[in-house]
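These are my notebook entries on one chain. I set down what I looked up, in the order in which I looked.

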Amino acid sequence: MDALVIEDLTVGPLRKVSLTVQPGEIVCLSGPSGSGKSRLLRAVADLEAHGGDALIGHDRQSGVAAHHWRGWVMLVPAESAWWAETVAAHFVEPLPGSLDGFGLSDSVLAWEVSRLSSGEKQRLAVLRALSLMPRALLLDEPTANLDGDTTRRVETWLRDYAGRMGIPVLWVAHDPAQIERVAHRHFTIRGEALREIPCRVA
Ligand SMILES: Nc1ncnc2c1ncn2[C@@H]1O[C@H](COP(=O)(O)OP(=O)(O)OP(=O)(O)O)[C@@H](O)[C@H]1O
């Protein structure tokens, strides 16, 4: 179980942002459109040029090859990429119980990617990332295309899983009600810095 540490990260409008996400903790990140939320996640995943550094446990982003880092600190972007014909071709094996936990049947693995709804794609992209056992998870609006019941189902499963496995999660969210349900801590972007907003959920 490792903490995710962000050190003096500078990307886009953000300057020298530092933040530690503890093992099993969900930190929500909000802010106006275009304020730099996605770029912050991309920089933490080492997918975009940036200043500063990040650590997962004792491993430093600047000290390992980017492909290793991205396997440990995994970004699920708002728009996921799919390269093979069937869903199953993108998975080694989904985590036990995770399809059901996300409101999907086992038969989804046999489906063609072209028939997936945007909400199915979004949930499967998160499950694909989790099946690779990342040490930290970066989620960019992971429930944006889901109805209310499915959103709450996914939130509950993710919060429980991250807590049990000790995975730090940085979660970009717009919906204040969702932030209240899932976040242990909440930060919003104000100009070039993060400002903490007190959370009711602990
Ligand atoms: N590679 C880039 N070079 C320069 N500017 C960029 C680059 N990528 C994104 N931007 C700009 O940086 C700003 C922040 O983008 P970002 O995608 O992080 O916003 P966001 O806070 O996630 O917004 P939204 O809530 O709308 O998704 C935007 O104005 C965007 O146009």
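**Entry 1: basis.** I note that this is a predicted model, in which local features need pLDDT of at least 70 and side-chain atom pairs count only at pLDDT 80 or more, while totals for chains, interfaces and linings use all residues. I number residues from 1 along each chain as its sequence is written.

**Entry 2: overall dimensions.** I compared the radius of gyration, taken over C-alpha atoms, with the globule rule of 2.2 Å times the number of residues to the power 0.38. For 202 residues a compact globule would have a radius near 17 Å, and the chain agrees because its value is 16 Å. Along the principal axes I found that the C-alpha trace spans about 45 × 40 × 30 Å. I call a residue buried if 20 or more other C-beta atoms lie within 10 Å of its own, exposed if 12 or fewer, and partly exposed in between, with C-beta atoms placed from the backbone. By this count 36% of the 202 residues are buried.

**Entry 3: secondary structure.** I took helices (H or I, at least four residues) and strands (E, at least two) as DSSP runs, numbered from the N terminus. The chain holds six helices and 10 strands. Two strands pair if DSSP finds at least two bridges between them.

Entry 4: Strands β1 (residues 4–11) and β4 (residues 51–56) run antiparallel and are joined by five bridges. Within this pairing, Glu 7 has Asp 53 as its bridge partner, and Val 5 has Leu 55. I then followed β4 into β5, where the antiparallel pairing extends over two bridges. Ile 56 stands opposite Asp 59 of β5. The two strands form a hairpin with two residues between them, and Gly 57 in the turn has a positive phi of about 60 degrees.

**Entry 5: helix α1.** Six of the eight residues of α1 are buried, so the helix is largely enclosed by the rest of the structure. The buried residues are Lys 37, Leu 40, Leu 41, Arg 42, Ala 43 and Val 44.

Entry 6: Which residues are around the ligand? I count a residue as near if its C-beta atom, placed from the backbone, lies within 6 Å of the molecule. I list Gly 12, Gly 31, Ser 33, Gly 34, Ser 35, Gly 36, Lys 37, Ser 38 and Arg 39. I count Ala, Val, Leu, Ile, Met, Phe, Trp, Tyr, Cys and Pro as nonpolar, Asp, Glu, Lys and Arg as charged, and the others, Gly among them, as polar. The shell then divides into seven polar, two charged and no nonpolar residues. Ser 33 sits in the loop between β3 (26–30) and α1 (37–44). Ser 33 is exposed because 6 other C-beta atoms lie within 10 Å. Ser 33 and His 174 are 141 residues apart in sequence, yet their C-alpha atoms are 9.4 Å apart.

**Entry 7: the six-stranded sheet.** I read the order of another open sheet, of six strands with mixed pairing, as β6-β7-β8-β3-β9-β10. Its edge strands are β6 (73–76) and β10 (193–197), each pairing on one side only. The twist from one strand to the next averages 20 degrees. Five bridges join β9 (residues 185–190) to β10, and the two run antiparallel. Phe 187 has Glu 196 in β10 as its bridge partner. Helix α4 packs on this sheet, touching β6 and β7, and its direction makes about 170 degrees with that of β6.

**Entry 8: positive phi.** Most residues other than glycine have a negative phi. I noted Asp 46, not a glycine, with a positive phi of about 60 degrees, in the loop between α1 and β4. Asp 46 counts as buried because it has 21 C-beta neighbours inside 10 Å. I also noted Met 133, with a positive phi near 55 degrees, in the loop between α4 (118–131) and β7 (136–140). Met 133 is partly exposed, since 13 other C-beta atoms lie within 10 Å.

Technical notes: Axes fitted to C-alpha atoms, helices over the stretch in contact; angles between N-to-C directions. Contact = placed C-beta atoms within 7 Å.
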